[in-house]
Amino acid sequence: MSDITDDELDVLLATIVEKYHYDFRGYARSSLRRRTQNAMLQLHTPSLKTLNELIKHDAAAFTQLLPWFTIQVSDLFRDPTYFKYFRTEIVPWLATYPSRKLWVAGCSTGEEAYSFSIILKEANLLDRTLIY
């Protein structure tokens, strides 16, 4: 399998955005290349052009491709630096409000939402907070 060029990857990503409204263009290129090559092997597509044509015309093929592009990891406090910042910098600011709403986008099986809950409970802020 040959290396994937930026132009080829751009065409694939444009197809995905246009047809399925998922935008992976901001993802790290090295990761996208690796994930795309692995997906091509699993989907038995010999070239990126073939993969692109396949997902253009077959939504089921895109459904098979999607897990290769998304992160399937969910852990409590998965990014410790981020949660430390949240605890030390954001929580004191949130405490100045009578109620709070937190939206946890892309939380997979929920461990990230639980992580926020734990921190807010420790700060006595959970009772007046909605977590989506």
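**Entry 1**

I began with Asn124, which is exposed at a relative accessible area of 65%, where exposed means over 50%, buried under 20% and partly exposed in between, with a 1.4 Å probe and protein chains only. The model I am reading is predicted, so local features need pLDDT of at least 70 and side-chain atom pairs count only at pLDDT 80 or more, while totals for chains, interfaces and linings use all residues. Residues are numbered from 1 along each chain as its sequence is written, and side-chain values use heavy atoms, with hydrogens and water left out.

I found Asn124 in the loop between α6 and β2 (129-131), with helices (H or I, at least four residues) and strands (E, at least two) taken as DSSP runs numbered from the N terminus. Its phi is near 60°, a positive value in a residue other than glycine.

I then turned to Ser117 in helix α6, which is buried with a relative accessible area of 18%. Not counting residues up to four places away in sequence, Ser117 touches Leu126 and Ile131, contact being heavy atoms within 4.5 Å.

**Entry 2: aromatic rings**

I noted that a pair of aromatic rings is described by the distance of the centres and the angle of the planes. Rings of Phe, Tyr and Trp (its six-membered ring) pair if their centres lie within 6.5 Å, and planes under 30 degrees apart count as stacked, over 60 as edge-to-face and the rest as tilted. By this rule I have 11 aromatic pairs.

One of them joins Phe77 and Phe83 edge-to-face, at 5.4 Å centre to centre and with 80° between the planes. Phe77 is partly exposed at 27% relative accessible area, whereas Phe83 is buried at 5%.

Elsewhere, ring pairs link Tyr20, Tyr22, Phe24, Tyr27, Phe62 and Phe69 into a cluster.

**Entry 3: nonpolar cores**

A nonpolar core is a set of buried Ala, Val, Leu, Ile, Met, Phe, Trp, Tyr and Cys residues joined through side-chain atoms within 4.5 Å. The largest has 19 residues, and those with the most contacts inside it are Leu12, Ile16, Leu51, Ile55, Leu65 and Phe69. At least two residues of this core come from each of α1 (6-20), α2 (29-42), α3 (48-57) and α4 (59-69). Another core lies apart from it and has 11 residues, among them Phe83, Val91, Ala113 and Phe116.

Which residues does Ile16 contact, leaving aside its neighbours within four places in sequence? I listed His21, Tyr22, Phe24, Ile55, Phe62, Leu65 and Phe69.
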